[in-house]
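Work through the two exercises below with the model open. Each task is followed by a stepwise solution.

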Amino acid sequence: MPSRRRLIVANWKMNTRHQSAIELAGTIAEWAGKQGQLPYDMVLCPPAQLLFTVASAVKGSPVKMGAQDCHWASHGPFTGDISAPQLADAGCQYVILGHSERRHGHGEKSELVARKLEAAQKAGLVPILCVGETAEQKEQGRAEDAVREYLTQSLPANYDPRHLVVSYEPVWAIGTGRQPAIEEIAHTNQMIRSILGQHGAETRILFGGSVAPSNAGAILASTEIDGVLIGSAGLSPEGYIGIATKANL
Ligand code: PEP
């Protein structure tokens with residue numbers, strides 16, 4: 001059975017400015033640097049204009065950096081977009097793709113996410129692919145089908161499962177303080193792993209949705225949950241570190 005290092009990802013979304021990003025990333029990096037060998041990976045995903053700021057704040061520490069989205073092309077006439085090679089050039093090792101705020105706020109379809117995922121892996125980035133049912137899909141009893149559909153349609157034909165992270169993020173749990181029961185998360189993560197098949201044994205499958213220091217211990221105690229994707233709790237050093245320490249199993 002392959003050992004999957006836990007992964008603690010903070011998605012800062014459209015928050016922080018130059019100074020607050022330096023303070024937040026710097027405090028987390030300083031803390032991480034004092035911990036010796038950590039048994040888990042730490043990733044911060046700032047907004048794009050702060051990538052260089054955060055790259056320099058975490059330099060020399062175990063903390064890695066990710067972006068929140070990328071374009072499917074490597075370069076070209078795409079106003080306002082950023083390509084995967086550009087993100088790698090800025091120091092990113094990861095990129096979040098298919099977040100519900102892009103799927104539902106920007107109408108991104110899974111087919112587009114699949115093209116982005118292919119571009120990200122080609123550029124040497126590890127995509128963190130988000131999939132999760134909406135409140136409506138859950139109420140209609142279609143949660144599993146929805147997750148299966150988002151997942152299978154967001155994966156390009158020749159993806160590399162060893163350089164892939166999937167995060168199960170029920171949309172109704174994001175920013176609401178509500179969460180599925182741990183057994184339900186574990187069940188969905190098992191389903192995701194079975195869809196990935198034998199090659200998915202090394203893929204890390206996270207959970208995201210209102211994760212906080214108070215509930216992270218129970219979530220991370222499950223062997224089916226390889227880490228967490230954090231939104232609002234990741235905007236303070238106490239929140240992020242309070243969650244990360246719960247991965248010290
Ligand atoms: C998210 O947006 O991916 C998320 C999990 O947010 P929060 O932790 O704030 O629910």
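An oxygen atom of the ligand is 2.8 Å from a polar backbone atom of Gly231. The model is predicted, so local features need pLDDT of at least 70 and side-chain atom pairs pLDDT 80 or more, while totals for chains, interfaces and linings use all residues. Residues are numbered from 1 along each chain as its sequence is written, and side-chain values use heavy atoms, without hydrogens and water.

**Exercise 1.** Describe the surroundings of the ligand.

Step 1. A backbone N or O atom of Gly175 lies 2.6 Å from a ligand oxygen, and a polar backbone atom of Ser232 is 2.9 Å from an oxygen atom of the ligand (polar contact: a pair of N or O atoms within 3.5 Å).

Step 2. Compute the cover: the protein covers 98% of the 290 Å² of accessible area that the ligand has on its own (Shrake-Rupley method, 1.4 Å probe).

**Exercise 2.** Characterise the packing of helix 5 and helix 7.

Step 1. Take the geometry: helix 5 (residues 110-122) and helix 7 (residues 143-154) pack at about 45 degrees, with axes 7 Å apart (axes are lines fitted to C-alpha atoms over the stretch in contact; helices are DSSP runs of H or I, at least four residues).

Step 2. Assign the class: helix 5 and helix 7 are therefore oblique to each other (under 35 degrees counts as roughly parallel, over 145 as roughly antiparallel, 65 to 115 as roughly perpendicular, the rest as oblique).

Step 3. Name the contact residues: Ser110, Glu111, Val113, Ala114 and Leu117 of helix 5, with Tyr150, Gln153 and Ser154 of helix 7 (contact: heavy atoms within 4.5 Å).

Note on methods:
A polar contact is a pair of N or O atoms within 3.5 Å; within protein, one must be able to donate a hydrogen and the other to accept it, and residues adjacent in sequence count only if both atoms are side-chain atoms. Axes are lines fitted to C-alpha atoms, for helices over the stretch in contact, and angles run from 0 to 180 degrees between N-to-C directions. Helices (H or I, at least four residues) and strands (E, at least two) are DSSP runs, numbered from the N terminus.
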